[in-house]
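Subject: Handover of a structure

Hello,

Here is the structure I promised to pass on. Please open it alongside this message.

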Amino acid sequence: MKNYLADSARTASDSYFTDKVTEEEVKATFEKFAETGEALDGQKRKLFYGKGDKVEGGSVDDFSFENLNGNIVHAIYGLCTEAGEISEAFLKAAESGTFDEVNLKEEAGDLLWYLAMLFRELDTNFDEVATTNINKLKARFPEKFSQDKAYNRDLNTEREILES
């Protein structure tokens with residue numbers, strides 16, 4: 001974990017192709033994502049904080065979360081809702097011309113909290129996940145990021161690294 005920031009920079013794209021997507025498309029997508037985050041946050045409050053009235057019915061064939069590990073479900077909801085809040089921060093920055101870095105750090109901290117919840121349930125930790133992730137990316141990009149290697153990945157090798 002000590003070298004994660006430097007290692008992640010080595011395996012990240014340094015390109016920014018703003019001519020490949022319109023501002024209208026980006027704005028609409030992030031608005032939908034932020035809206036979805038808000039809907040998930042409402043569900044999270046009901047599921048894990050007991051907010052709202054009891055409901056019945058509404059089942060879906062081949063879909064049930066009732067018997068899933070509740071802490072993992074909570075962590076997933078939390079990660080998604082916090083990502084929605086980061087989407088809102090992006091939208092505000094695109095309008096104002098600057099990021100609210102204090103808010104971004106706060107949302108990143110919330111993401112870490114939900115990751116910690118997930119990692120506890122998966123019997124792992126930040127160091128283990130970070131190390132495995134970087135090893136996978138180093139296998140994908142042995143020298144540094146390349147577009148070709150981003151599109152043409154050796155998924156078998158990556159899976160072996162993830163499972164080791």
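Below are the notes on what was found.

**Ground rules**

This is a predicted model: local features need pLDDT of at least 70, side-chain atom pairs count only at pLDDT 80 or more, and totals for chains, interfaces and linings use all residues. Residues are numbered from 1 along each chain as its sequence is written, and side-chain values use heavy atoms, with hydrogens and water left out.

**Overall picture**

The protein has seven helices and zero strands. Both kinds of element are DSSP runs, numbered from the N terminus: helices are H or I with at least four residues, strands are E with at least two. The order from the N terminus is α-α-α-α-α-α-α. Along the principal axes, the C-alpha atoms fill a box of roughly 55 × 45 × 35 Å.

Of the 164 residues in the protein, 21% are buried. Here buried means under 20% relative accessible area, exposed means over 50%, and partly exposed is in between (1.4 Å probe, protein chains only). The exposed surface comes to about 12,600 Å², with 52% of it supplied by carbon and sulfur atoms. Accessible areas come from the Shrake-Rupley method with a 1.4 Å probe; for residues, only the protein chains shown count as cover.

Now contacts, meaning heavy atoms within 4.5 Å. Among those with a separation of 6 or more, 77% join residues 24 or more positions apart.

On charge, the protein carries 20 positive and 34 negative side chains. Lys and Arg count as positive, Asp and Glu as negative; His and the chain ends are not counted. The centres of the two sets lie 3 Å apart. Each charge is placed at NZ of Lys, CZ of Arg, CG of Asp or CD of Glu.

**The core**

The largest nonpolar core has six residues: Ala75, Leu79, Leu111, Tyr114, Met117 and Leu118. A nonpolar core is a set of buried Ala, Val, Leu, Ile, Met, Phe, Trp, Tyr and Cys residues joined through side-chain atoms within 4.5 Å. Helices α3 (70–96) and α4 (101–121) each supply at least two residues of this core. The most comes from α4, with four residues. Leaving out residues up to four places away in sequence, Ala75 touches Tyr114, Met117 and Leu118.

**Aromatic pairs**

A search of the whole structure finds six aromatic pairs. Rings of Phe, Tyr and Trp (its six-membered ring) pair if their centres lie within 6.5 Å; planes under 30 degrees apart count as stacked, over 60 as edge-to-face and the rest as tilted.

One of the pairs is Phe63 with Phe65: the ring centres are 6.4 Å apart and the planes at 65°, so the pair is edge-to-face. Phe63 is exposed at 57% relative accessible area. Phe65 is partly exposed at 42%.

Phe119 and Phe126 have ring centres 5.0 Å apart and planes at 75°, so this pair is edge-to-face. Phe119 is buried at 9% relative accessibility. Phe126 is partly exposed at 28%.

**Backbone points to check**

Most residues other than glycine have a negative phi. Asp62 has a positive phi, near 60°. Asp62 sits in the loop between α2 (23–49) and α3, and counts as exposed at 84% relative accessibility.

Asp123 also has a positive phi, of about 55°, although it is not a glycine. Asp123 is in the loop between α4 and α5 (126–140). With a relative accessible area of 70%, Asp123 is exposed.

**Selected residues and distances**

Lys149 lies in helix α6 (residues 147–151). Its relative accessible area is 35%, so Lys149 is partly exposed. Lys149 touches Arg140, Phe141 and Pro142, not counting residues up to four places away in sequence. The C-alpha atoms of Lys149 and Ala139 are separated by 10.0 Å, with the two ten residues apart along the chain.

Leu112 lies in helix α4 and is partly exposed at 44%. Its C-alpha atom is 9.2 Å from that of Phe126, 14 residues apart along the chain.

Lys20 is in the loop between α1 (4–10) and α2. Lys20 counts as exposed at 63% relative accessibility. The C-alpha atoms of Lys20 and Val129, 109 residues apart along the chain, are separated by 32 Å.

Best wishes
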